Amino acid sequence: MTHAIPLVKGLPFLGNTLSLTSDAIGFMTRAYHEYGPVYRVRVPGREITILAGLDANHLLINLGSDYLQLNPIYGKLAEETSSDIYLPTLDEPQYSYYRRMIKPRLSRDTLADYLPQAIELIRATTANWQPEQAVRVQEVMTRLCIEIISRSAENTEVGDELASIIFFTNRLIGSGVAFQPAFLLKLPDYQRAKRRFEAFLQRIVDQHAAQPGANDDYVDLLLKSTALDGQPLRGHDLLAYVHLPFVNGVAYAPRLSGYLLYELLRSPELLAKVRAEVDAVFAEGDFTLNALRKMRWLYGACMEVLRMYPVAGALPRYIAKAFEFGGHTIEAGQLVFIATGVTHFLPDVYRDPYKFDPERFFEPRSEHQRSGVFAPYGLGSRTCLSAGMGEALIMLVMATLVHSVELALPTPDYQLKTQIAPIPGPHKDFTVKVIGQRERIAV
Ligand code: HEM
């Protein structure tokens, strides 16, 4: 049954590095069409097996922790958090226990009680924007997303701590997950950011411990939870869990919010439809998560951004037990990537897949509803445990922005560039131009 897994053509020495760093999902999709659902790619010093397509996505849904694991490849994450129970590094049976422990306070409902304050925060941010001002999109999106996550889940203002949180997160993901050199974790700039971030996390713990249960939030939940051995969470184990919403919050939601703003600004018709439904809800003065759910154009646009910009489009897994796939044996003891984002660009799954088309998520088309075809949050038992919160957050930020201010791309034909830093996202130099505050211009 076993044939050699095909090796994708590449350059001497560099192998496929350039294609992987310029457009990873585009490259993996083309390789899927040319070589099939299993192929090998080369980067300097190593070869990596990629599994792609619908059947590969189903592996994530169907294969348990006895086949696919993370602990053997996430040693750096355990080291950097000084915790043996840091969720992303766990496999079964520990994984399910800790995931169940934290899920109740990192769900969509976590945002529900904080909506009015979140809207105020977004408005306060945009209130001083002046006509013609250039706004740096990723700075704003990161600030808004992290403040809202931190305040709603941990009752804590981020303030001046943001820069060290971002620095720490990007370096941790870069060297812990995304193959950047491990020595970067030893450099003084990272060590400084890490010390400052840990001191911030410790202050959050101390403030909560001083008033047990008073906030009824994620940190209070952690303080009354126990580890699998029945002992309270403490020390670095506790800090590793307090840190989760920050690190995961920085990674994905701000990047997707940036892409969504770009897509809305480059399509005046779509922006007008989104604005009409947003304005109607603000006019009623009753902004709830349910109201957000009913904004179908905003929802469709948000889902389409999650489809077309898979910021986590290939997920690493360690093969703990060999299995057959696509006519090949996937041997035990190796790291592979499951390119979950490839199905997002298959024409037999999504009609005209390179077209930005929010209506594909409307009934009766609902193209995303076949099992395994829509995977921005991963698939199976490890799917993002805050997907509902992430989606609501992106929609909330965008709804309030388009309600409050009129913005434009730097030029009508502006093309947004993606930057890998260390995962794909809008380029850090992406700016939009302020046209004016909406109550001060004719609406
Ligand atoms: C909307 C944007 C988001 C996207 C696209 C996203 C996507 C993902 C992905 C792809 C994974 C990894 C799944 C895997 O390895 O199989 C993940 C894990 C995770 N996400 Fe999200 N996420 C988002 C927002 C958030 C937010 C806002 C939070 C927290 C407040 C969060 C918390 C987590 C946690 C704790 C995990 C780790 C679960 C684990 O290790 O099993 N995510 N997310």
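This is a predicted model: local features need pLDDT of at least 70, side-chain atom pairs count only at pLDDT 80 or more; totals for chains, interfaces and linings use all residues.
## Basis

Local features need pLDDT of at least 70, side-chain atom pairs count only at pLDDT 80 or more, and totals for chains, interfaces and linings use all residues. Numbering starts from 1 along each chain as its sequence is written.

## Helix α7

Helices are DSSP runs (H or I, at least four residues), numbered from the N terminus. Helix α7 covers residues 137–154. Its 18 residues should span 26 Å at 1.5 Å a residue, and the end C-alpha atoms are 25 Å apart, which agrees. The expected span is 1.5 Å times one less than the number of residues.

Of the 18 residues of α7, 15 are buried, so the helix is largely enclosed by the rest of the structure. Buried means 20 or more other C-beta atoms within 10 Å of the residue's own, with C-beta atoms placed from the backbone. N155 follows α7 and has a positive phi, near 45 degrees.

## Nonpolar cores

A nonpolar core joins buried Ala, Val, Leu, Ile, Met, Phe, Trp, Tyr and Cys residues through C-beta atoms within 7 Å. The largest has 83 residues; L256, L260, L298, L393, M395 and M398 touch the most other members. Helix α16 (residues 387–404) supplies the largest share of this core, 11 residues. Apart from this core lies another, of 28 residues, including I5, M28, F345 and L379.

## Ligand shell

The ligand is surrounded by 25 residues (C-beta atom, placed from the backbone, within 6 Å). N248, G378, C384, S386 and G390 are the closest. Helix α16 gives the most to this shell, with 5 residues.

Note on methods: Helices (H or I, at least four residues) and strands (E, at least two) are DSSP runs, numbered from the N terminus. A residue is buried if 20 or more other C-beta atoms lie within 10 Å of its own, exposed if 12 or fewer, and partly exposed in between; C-beta atoms are placed from the backbone.
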